[in-house]
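User: Please take a close look at one part of this protein, the sheet, and tell me how its strands pair and which side-chain contacts go with them.

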Amino acid sequence: VTFAAFLHVLPCCKMAEHRCGSGLPNFILVLVGVCLGAAGFQAFQTGKNSAPPVPTPDPTSSSPTPAAPLPPKKVDAFLKHVRFSGSVGSGGWKGVATYKGSNGNSLKVGTTVTQKGLGRVEAALGYKAEEWHWGPDLELAASVKPGSNDVTYTARARKKLDLLENGGPTMVAEVSNNAASIAAEVAQKLAQEISVAASLRVPYNFESRKADAVLNGQTSYKVGNGKVVGLLHAKASGGLKGAKVSAEYDLGQ
């Protein structure tokens, strides 16, 4: 830059020499000004190039805020919702495993063992209606005797009638492949651990075309998480002599 300015100023200085006499002082002043300007421009460029660049934020250097941990998944163990119960009586031993979901629907599988060996195998599927719904609870069940064609199907509807202040009877209607029945059930809690229940059922047999009232009563006593239940079963046609007494147990969860 200085050399170019010198070549440009030199002719002007010769012209000024003819006018002013000697152009040396003017030439020196111009040269000094050009040198100072060039030095200032160079210093500016040097300072501009040597200035540290504005730091760019590194997305990898800053650790992001860790996301909130996901809530632990609720693992419902199958056995947690299964109850094992059984009964012992003159007819033999009966064991039942019942699965009950959070909405009240259920699945039940059971078997009966008599003195002659394995009796019947049964399964039942239950539907629990909502409390505000007028519809009844439903249950579909089937049982079979191994090694035979003896198969029984049953459909049952249950609805509690809140007619009294402390509740009311529960009406039950049942239809199977060989009979139909209607029943009324009541239950009462006598103490914290003791409760009683009774039901009167009138079945009708399609083949014999006869009806025979059946009375069932039970008294349950709570023991820990389980209970012990005493049962009474009697028919109108059998009288008191035909009444049967048995006991059941429930191990609880």
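Analyst: What follows starts with the whole chain, then turns to the sheet, the salt bridges and the aromatic rings.

This is a predicted model, in which local features need pLDDT of at least 70 and side-chain atom pairs count only at pLDDT 80 or more, while totals for chains, interfaces and linings use all residues. Residues are numbered from 1 along each chain as its sequence is written, and side-chain values use heavy atoms, with hydrogens and water left out.

The protein contains two helices and twelve strands, where helices (H or I, at least four residues) and strands (E, at least two) are DSSP runs numbered from the N terminus. Along the sequence the order is α-α-β-β-β-β-β-β-β-β-β-β-β-β. Of its 253 residues, 15% count as buried, a class defined by under 20% relative accessible area, against over 50% for exposed and partly exposed in between, with a 1.4 Å probe and protein chains only. The accessible surface comes to about 19200 Å², and 63% of that surface belongs to carbon and sulfur atoms; these areas come from the Shrake-Rupley method with a 1.4 Å probe, and for residues only the protein chains shown count as cover. Among contacts (heavy atoms within 4.5 Å) between residues at least 6 apart in sequence, 22% join residues at least 24 apart.

The part you ask about is a closed barrel of twelve strands, which runs 1-2-3-4-5-6-7-8-9-10-11-12 with antiparallel pairing. Neighbouring strands of this sheet are turned by 20 degrees against each other on average, direction ignored, with axes taken as lines fitted to C-alpha atoms, for helices over the stretch in contact, and angles running from 0 to 180 degrees between N-to-C directions. In general, strands of a sheet pair through backbone hydrogen bonds, either parallel or antiparallel, and two strands are counted as paired here if DSSP finds at least two bridges between them.

Towards the end of the strand order, strand 9 (residues 194-205) pairs with strand 10 in the antiparallel sense over eight bridges, and in this region Ala197 stands opposite Gln218 of strand 10. Strand 10 (residues 214-223) is in turn joined by ten bridges to strand 11 (residues 226-235), again antiparallel, with Lys235 in strand 11 as the bridge partner of Val214. Two residues lie between the strands in the hairpin of strand 10 and strand 11, where Gly224 takes a positive phi near 65 degrees. Strand 11 also runs antiparallel to strand 12 (residues 244-250), to which seven bridges join it, and Val228 has Tyr249 in strand 12 as its bridge partner.

Turning to charged side chains, those of opposite charge can pair when their charged atoms come close. The structure holds seven salt bridges, each a side-chain nitrogen of Lys or Arg within 4 Å of a carboxyl oxygen of Asp or Glu. One of them joins Lys94 and Glu122, at 3.2 Å from N to O. Lys94 lies in strand 2 (residues 92-100) and Glu122 in strand 4 (residues 117-127), so this pair ties together parts that are 28 residues apart in sequence. Lys94 is partly exposed at 30% relative accessibility, and Glu122 is also classed as partly exposed, at 28%.

Another salt bridge is formed by Arg156 and Glu139, whose closest N and O atoms are 2.1 Å apart. This pair links distant parts of the chain, with Arg156 in strand 6 (residues 151-160) and Glu139 in strand 5 (residues 137-144), 17 residues apart. Salt bridges that share partners join Glu139, Arg156 and Glu174 into one network, and Arg156 itself is partly exposed with a relative accessible area of 22%. Lys128 forms a salt bridge with Asp137, the closest N and O atoms being 3.3 Å apart, and Lys128 counts as partly exposed at 41% relative accessibility.

As for the aromatic rings, a search of the whole structure finds one aromatic pair, where rings of Phe, Tyr and Trp (its six-membered ring) pair if their centres lie within 6.5 Å, with planes under 30 degrees apart counted as stacked, over 60 as edge-to-face and the rest as tilted. The rings of Tyr204 and Phe206 have their centres 6.2 Å apart and their planes at 65 degrees, so the pair is edge-to-face. Tyr204 is partly exposed, with a relative accessible area of 36%, and Phe206 is partly exposed at 40%.
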